[in-house]
Amino acid sequence: MSPISLMSSKSAPWKILLVDDEPDIHDVTKLTLHRFELDGRRLQFFDAYSGPEAKEILSREPDIALVFLDVVMEAENSGLEVARWMRQDLKNQFTRIVLRTGQPGQAPEESVIVDYDINDYKEKTELDRTKLFTTTFAALRAYRDIYTVEEARRFQVTYREGLERVIEASAHIYQQRNMHDFANGLLQQVVALLRLEKSMLLRLRGASGVSGENSYEVLAKIGNFDDDDQLFNQELLDHLQQVTANRISHLFGDTYVGYFPNESGKASLLVLKGVESVSEIDAKLLEVFSSGVAIAFDNILLNQEISDTQGELIMRLGDVVESRSSEAGNHVRRMSEVCYLIAITSGMDPDEAAILKQAAPMHDIGKIATPDAVLLKPGKLDQGEWDIMKMHPEVGMSILDGSHRPILRAASIIAHQHHEKFDGSGYPQGLVGNEIHVYARIVAVADVFDALMHARVYKQAWPVEQVISHLKSVSGSHLDPRFVELLIENVDKAVDINQRYPD
């Protein structure tokens, strides 16, 4: 039986169950004890006139402190059966049992105490007013003290288990690499710590200026919520303002707003809906957890800033190369997005797909060393000029080779292999099929798609139907048929990318 905290309400009465088939015994007991009080708490009586009635009440009321139990009722051993059932079947080791009998011979005291977990044994004739009072007092005091010890034990167990959950949750949080993954991870772990199901995570955009809906960004949600417009009602905004102003978590009715500050001047706000209470131990666990969260939050923000800066530098470098060769300004951005689309739909790990997305803009980095006379020649290249042009994959690899950074390693592979063809007729190595790295095979599909979809000095933009027809015609020869098929299946999304980044 799972114990129910008797300290949850200091004024709650002690619950007493009277089990006896004689109504007079019920009346006399309640009359004798009607003024009884222990620790400022009165008595609340429950009446059962048979064993089955007693079992029903005990099942329904898990925090009964004391049972006065008659032995002989509908059967000679009805009371003893109730006592056995309480301890063995109901697993109730806390409720005190005082056996009362008017027929001692039916249940000898010594055998009852030995064979059953009975706390006291009284003959009805000896239970006068004084004896009944002292018996009740001793039983309730024992119940109280047992529960005090049990609560202390449960607190230690709960806190230890809670700390284990905090450690596990913190490890999960530290593994996250971007803000949205971090937000989802934080939300899931806090919900797990508090065993809640309906919540959401907000991020404060800045350290100040928390005055309206636009000051917050929803990063993650769990459970069913209304639209954001309805979610950010004035009451919730007032709660968020108060928490961010005081820089401390707070419980507002059934809404818990957690505050997770960090050194960067920003903060994460956690909104938990439908919370009846946050216990002292849960508050302590959240405090321990939040100290780790603040460090993780700072690291995520720093990593995100580094990643964003790196991505922007790569994109700008790609822009420089493409603009030098008279390519459209947004070519590298479209390439990057279409590569990511193909990678994700192919089932590639999102982290790996993100590396490809950032590395793809550098596919033509080797052209930086190609002479203008060759790179910008308006007419057809002669053999010598074509040989110079075909050097840019090797040059690109040499520029990027040797780095231990995943993005630059990927960019080196892409720069070197993006002109290889699936049937082995490409350059510079003449690789065939899966010998070509998956990154380069995806980039080749995205590059051809973008080149055909947009006008160049030597051609007009093709309609999408003609582009699809051409992709099918070179599938298996120039391009990997698997990635061609994926692009065609998702061509609407690829066209949307083109519309977002026009020339």
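Q: Why is D70 called buried?
A: D70 has a relative accessible area of 3%, and buried means under 20%, with over 50% counted as exposed and anything in between as partly exposed (1.4 Å probe, protein chains only), so D70 is buried. This is a predicted model, in which local features need pLDDT of at least 70 and side-chain atom pairs count only at pLDDT 80 or more, while totals for chains, interfaces and linings use all residues. Residues are numbered from 1 along each chain as its sequence is written, and side-chain values use heavy atoms, leaving out hydrogens and water.

Q: Where does D70 lie, and what does UniProt list for D70?
A: D70 lies in strand β3; strands (E, at least two residues) and helices (H or I, at least four) are DSSP runs numbered from the N terminus. An unreviewed UniProt entry lists D70 as "modified residue: 4-aspartylphosphate". Such annotations may be inferred rather than shown by experiment.

Q: What makes β3 and β4 a pair?
A: Two strands pair if DSSP finds at least two bridges between them. Strand β3 (residues 66–70) and β4 have five bridges, in the parallel sense, and I97 in β4 is the bridge partner of V67. From β3 the chain crosses through helix α3 (residues 78–89) to β4, a right-handed β-α-β crossover. Right-handed here means that, with the strands pointing away from the viewer, the path from the first strand over the helix to the second runs clockwise.

Q: How do you know that β4 is mostly covered?
A: In β4 (residues 96–101), six of its six residues are buried. R96, V98 and R100 cover one side, and I97, L99 and T101 the other.

Q: Why does R100 count as buried?
A: R100 has 5% relative accessibility, so R100 counts as buried. R100 sits in strand β4, and the bridge partner of R100 in β5 is K122. Strands β4 and β5 (residues 120–123) pair in the parallel sense over four bridges.

Q: What makes a space in this structure a cavity?
A: On a 1 Å grid over the protein atoms alone, a cavity is a set of points where a 1.4 Å probe fits but cannot get out. The structure holds one cavity of 30 Å³ or more, and the largest cavity has about 40 Å³ of space. Lining residues have an atom within 4 Å of a point; among them are F422, R441 and H478.

Technical notes
On a 1 Å grid over the protein atoms alone, a cavity is a set of points where a 1.4 Å probe fits but cannot get out, and a pocket is an open set with protein on both sides within 12 Å along at least five of seven lines; lining residues have an atom within 4 Å of a point. Grid points are joined across faces, edges and corners, and a volume is the space filled by probe spheres set on the points.
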